[in-house]
Amino acid sequence: MHGADILVQCLIDAGVNTVFGYPGTGVLSLYDALRRNKKRVKHYMCTHEQYCAHAADGYARSTGKTGVVIATSGPGSTNLVTGIANAYMDSVPMVIITGNVSLDMLGRDSFQEIDIAGVTMPVTKHNYIVKSVDALEKTVKDAFRIASSGRKGPVLVDVPRNIFDEKCEYTGYEAVKPKAADFDVSCAAEAINESKRPFVCAGGGVISSEAAGELFDFVNKISAHVALTAMGKGAFPSNDIHFMGLVGLNPNEATLEALSSCDLFIGIGIRFSERLMLNVKKYLPYAKILHIDIDRAEIGKNIDACSYIVGDAREVLKSLIPRVNAKTVELTQKNNAKKHYIFSALNEMYGSAVYTTEVGVHQMEACNQLETLKPRMFLTSGGLGTMGFGLAAAIGAQIAYPDKRVINIAGDGSYNMNLHETATAVKYSLPIIQVIINDGKLAMIEQMQDARYGRRRFESKTNVKTDYVALAKAFGAKGFDGSTEKSFRKALAYAKTSRLPVVIDCRVTTI
Amino acid sequence: MKKYILSVFVNNHFGVLTRISGLFARRGYNIKSLTVGETQDAEISRMTIEFFGDEKTLAQIQSQLMKVEDVKEVFELEACRSVRRELYLVKVAATDESRSAIVQLADIFRAKAVDVSPKSIVFEITGDEEKLEAFLMIMKEYGILDTARTGITAISRGER
């Protein structure tokens, strides 16, 4: 078999039926093989490699499968870097295939040659340069194994273009996932049983290990307050009485009250990021900390836990539940904060949609105001904070779930970064709803300049005169104004039956 | 701050050294020295990493290293349970008058003269850090023209 066919066969063997990518000289032989196999592996092309990577990321986050993205050498591969880093920071399983110049031209600064393995070393879980066609099959299969086991993450495979055209046998090698190490829950169970007011904080690890059901049972048994990190949104139903809100930036009053009265803080699948730590230090001076995470290196990295368990959240919770005593703790009441018309309308009309967000104030508000009842229904760039992520992630999620509604919440600043992806949504007839919360400014920048720089605002206005409704039409999408509650709801009602992307421009002064 | 020595067994692939040194640089750990060489198994290399830190950093470095796909095994080599050696090449200024005194002193340290010129002698010396530092101190009197150090390599002592 030719290298290109071997690679496609590896994708098929890994259960991949959807890939994202952008062709270029370095991967043309691979594209020829993809063309031959287009019935088995569907290829989607965005307008730019970065968004191919975000789309693969959105596909992976919404399904739990490993996302696949392909790009050519040089600029094709460097354009991926933000997308790879974004997946790395949020532990999203992804396999990235890049073409490179042929083996004999490597290291000679050839046209479109970049040492992408060197460039991406700090933002991948692992990466490879394939130096012979004999190594290709094992490398690609190992890449899938690494991306999807343990703490998940992106793995890059750089393939010099001549390898695609060389031949060798397809062996049918199987990459075996390593067996997880044993863990002991007795210390943790004891700490929980001794605790009077436990507080559970769940993160992306719970979603990644499909542990939402176990988390629900665990929380109900020990009657704990629950908060989520942005990455954990959906790990616990936001309409449940145990649920307090999100921790991180600007937690609500009820969350802070529950935090300060707890005597045991149980972090599950979280990494105690500095945004969370701000509150942990302030509100938890005396509470004990129990840390459960799959990554040994997270234990003690940002916080010293009095006890910890290194293991998959689902497996750990399964063994913990029978070991902990049932409790009844009086729960802190939370007041339902008033919601912005955009979010109340979305909650009412599109409660079961998959939401994606960009980055900024709209993201914080979407985190706090959107009801999310199930995992993988709220996709946001948590670690890297990538403006431009949302629309492409929505494209990935909509491709994964043609029958679900997918809605991207954007600010105008973020939309200006990725608005060309509207063309991709139109091309594939993806009925994504793009909500632009258009306040004409980078609201988070303005907040920070006001708070930390004595209101000395600079470059916080976007100042573009773009008519987003007309632009939507120009892309072949449907554009609506949603600047009032009435017009917004009307646009949302129209979108129910649309088979095309719908862009709603909500000109608001504040959210 | 304490000095620690880690033995790290890694796949003998291209790029592994960059992965490990990059990890130290990215996470802000201070490497004092890093040596690497093949083991009896040509597929596996052994790195000996000397760094300064505390117990917490040590634990963090070990866990971070274990996450690197090419790393097979990591363990700390404690001073009392390991043999640590480093090789120095030292070029000392030597004249007709001082040469014999320098060679005599070097003999005490079991340093071997490996090159002689009218104006200098190059010594090869191995040992642990204290011995090598002492040798340098002595040779300073005569003028050290150049030094090259391999960095520490270390191995655990046999079972007693």
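This is a predicted model: local features need pLDDT of at least 70, side-chain atom pairs count only at pLDDT 80 or more; totals for chains, interfaces and linings use all residues.
Visitor: What area is buried between chain B and chain A?
Guide: The value is about 1300 Å², and carbon and sulfur atoms give 51% of that. The area is called buried because it is accessible area that the two parts lose on being put together.

Visitor: At what angle do helix H11 and helix H14 of chain A pack?
Guide: The angle is about 35°, with the axes 9 Å apart. H11 covers residues 212–222 and H14 covers residues 313–320.

Visitor: Why is the crossing of H11(A) and H14(A) called left-handed?
Guide: A crossing has that name if the near helix is turned anticlockwise from the far one by less than a right angle. The crossing of H11(A) and H14(A) is left-handed, so the near helix is turned anticlockwise from the far one. The contact includes A:Phe218 of H11(A) and A:Leu320 of H14(A). Its residues divide into four nonpolar, no polar and three charged.

Visitor: Which residues have the most contacts inside the largest nonpolar core?
Guide: They are A:Phe218, A:Leu320 and A:Leu346, in a core of 59 residues. Being in a core, they count as buried, so each has under 20% relative accessible area. Helix H15 of chain A, residues 341–349, gives the largest share, six residues.

How values were computed
Residues are numbered from 1 along each chain as its sequence is written. Chains are lettered from A and ligands numbered from 1 in the order in which they are written. Side-chain values use heavy atoms; hydrogens and water are left out. Axes are lines fitted to C-alpha atoms, for helices over the stretch in contact, and angles run from 0 to 180 degrees between N-to-C directions. Helices (H or I, at least four residues) and strands (E, at least two) are DSSP runs, numbered from the N terminus. Contact means heavy atoms within 4.5 Å. Ala, Val, Leu, Ile, Met, Phe, Trp, Tyr, Cys and Pro count as nonpolar, Asp, Glu, Lys and Arg as charged, and the others, Gly among them, as polar. A nonpolar core is a set of buried Ala, Val, Leu, Ile, Met, Phe, Trp, Tyr and Cys residues joined through side-chain atoms within 4.5 Å. Buried means under 20% relative accessible area, exposed over 50%, partly exposed in between (1.4 Å probe, protein chains only). Buried area is the accessible area (1.4 Å probe) that two parts lose on being put together, summed over both.
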